[in-house]
Amino acid sequence: MPDAIELLKTRRSIKPREMRGPGPSPAELETILTVGARVPDHGKLAPWRFLVFEGDARARAGEIIAGVFARKNPQASTADIEVEKKRLTDAPLVIGVVSFTRLHPKVPAFEQELSAGASAMNLVTAATALGYGACWLTGWFAFDRDVLDGLGLKPGEKLAGLIHIGKAAGPTEDRPRPALSDIVTRF
């Protein structure tokens, strides 16, 4: 396992189309999910849950996405609909981070949403630490209520992101990162 600081300094997203199998084993998936649940959570509200897409579930989710897309875009070509069907099929594993808020006198909704974001980042980091590529994505369908309903999200639940996890198919390049001098100020 890599040194924690080196892992955090060098972690990068791998595009799902640049991933291949195999995905994480059941034990590795349990580790990834455990780390995803170990995040700052003011009030111990656990304002998130995980939706795991593996195997045929990825294609079934794609059918839901494509069905909503086709219904809302009657002019869409067959090729466009096929693209929507494959939204979750490149990586061998996709974990949806479902975010919701609870009314609480001391914990505003924004803090609860940030906790869900921290959870998504922990999933990415855990997968990377285990030697997998990972990428946190959304897309139009992550904000479409009909798709969310079709995926089983409850009213008031949102999709904070979809974490695609798989082995890198080949060498990958990092993107430029901001210079600290451009993003750090001191008060």
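Pro22 sits in the loop that runs between β1 (19-20) and α2 (26-36). Those labels come from DSSP runs numbered from the N terminus: helices are H or I with at least four residues, strands are E with at least two. Gly21 and Pro22 are joined by a cis peptide bond, with omega at about 0°.

This is a predicted model, where local features need pLDDT of at least 70, side-chain atom pairs count only at pLDDT 80 or more, and totals for chains, interfaces and linings use all residues. Residues are numbered from 1 along each chain as its sequence is written, and side-chain values use heavy atoms, leaving out hydrogens and water.

## Between α2 and β2

Move on to the loop between α2 and β2 (48-54), and you'll find Lys44. Lys44 isn't a glycine, yet its phi is positive, about 50°. Is Lys44 buried or exposed? With 78% relative accessibility, Lys44 counts as exposed (over 50%; buried is under 20%, partly exposed is in between, using a 1.4 Å probe and protein chains only).

Ala46 is in the loop between α2 and β2 too. Ala46 also has a positive phi without being a glycine, here about 45°. Its relative accessible area is 28%, so Ala46 is partly exposed.

## A nonpolar patch

Leu180, Ile183 and Val184 make up a nonpolar patch on the surface, and together they have about 290 Å² of accessible area (Shrake-Rupley method, 1.4 Å probe, with only the protein chains shown counting as cover for residues). Patch residues have over 30% relative accessible area and no salt bridge, with nonpolar side chains (Val, Leu, Ile, Met, Phe, Trp, Tyr) joined within 5 Å and like charges within 9 Å. A salt bridge puts a side-chain nitrogen of Lys or Arg within 4 Å of a carboxyl oxygen of Asp or Glu.

Val184 belongs to the segment after α7 (180-183). At 39% relative accessibility, Val184 is partly exposed.
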